[in-house]
Amino acid sequence: MRVLEVLGICFVTLLALMFAIFFRRRLLRLGGGTIRLQVRTSTMVPGRGWSPGLGQFVGDELRFHKMFSLAIRPKRVLDRRVLTITERRLPAGPERLTMPVHWVVLRCAMGGTDVEIAMAETTVTGFLSWLEAGPPRDPGSVPGRSIFGPRPLEG
């Protein structure tokens, strides 16, 4: 009888965990401004290391939440003020097996780090619109500084 109790507790715990993950995803989508995407979290093996999830647009940030995670905080945050697209390509090699056919891989530079994200081809258009819709910026500007340079001295 003890074995059945343990199995029952494990089953109920598994159901509760699945419900929590589903509920978390619904809450993220409820706020609007979400897209399906994958972010490359590891480059140790070529073509591997992609993590599926949801991207949530919040102001000047794209917040990436992993699909199968209970974490409340996003795994990665992309800031459009410093984000630039350096390459656009189709999935190649093993990537073709992990992504839908109509997806595109974007290599982005954010500050001094490179980030690869993948999303549906139709989503890329909206993503690029969001990226370009930000306030104007000077290509050589430092984040947090005014794009117009220092204020002139008075007097």
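Against which strands do the buried residues of H3 pack? This is a predicted model, and in it those residues pack against E2, spanning 50-58, E3, E4 at 76-79, E5 at 83-89, E6 and E7.

Let me turn to the helix itself. H3 comprises 12 residues, and from its first C-alpha to its last it reaches 17 Å, close to the 16 Å expected at 1.5 Å a residue. Its buried residues are Val124, Phe127, Trp130 and Leu131. Viewed down the axis of H3, these residues fall within an arc of 125°, so they line one face of the helix. On the other side of H3, the exposed residues are Thr122, Thr125 and Glu132.

Next, the sheet. It is open and built from 7 strands in the order E4-E3-E2-E1-E7-E6-E5, with antiparallel pairing. E4 and E5 are its edge strands, each pairing on one side only. On average, neighbouring strands are turned by 35° against each other, direction ignored. H3 packs on this sheet and touches E1, E2, E3, E4, E5, E6 and E7, while its direction makes about 130° with that of E7. At the edge formed by E4, E3 and E4 pair over 4 bridges, and Phe64 stands opposite Arg76.

Beyond its sequence neighbours within four places, Met119 contacts residues including Ile35, Trp103, Val124 and Phe127.

Key: Residues are numbered from 1 along each chain as its sequence is written. This is a predicted model: local features need pLDDT of at least 70, side-chain atom pairs count only at pLDDT 80 or more; totals for chains, interfaces and linings use all residues. Side-chain values use heavy atoms; hydrogens and water are left out. Contact means heavy atoms within 4.5 Å. Helices (H or I, at least four residues) and strands (E, at least two) are DSSP runs, numbered from the N terminus. The expected span of a helix is 1.5 Å times one less than its number of residues. Buried means under 20% relative accessible area, exposed over 50%, partly exposed in between (1.4 Å probe, protein chains only). The arc is that of the directions from the helix axis to the C-beta atoms. Two strands pair if DSSP finds at least two bridges between them. Axes are lines fitted to C-alpha atoms, for helices over the stretch in contact, and angles run from 0 to 180 degrees between N-to-C directions.
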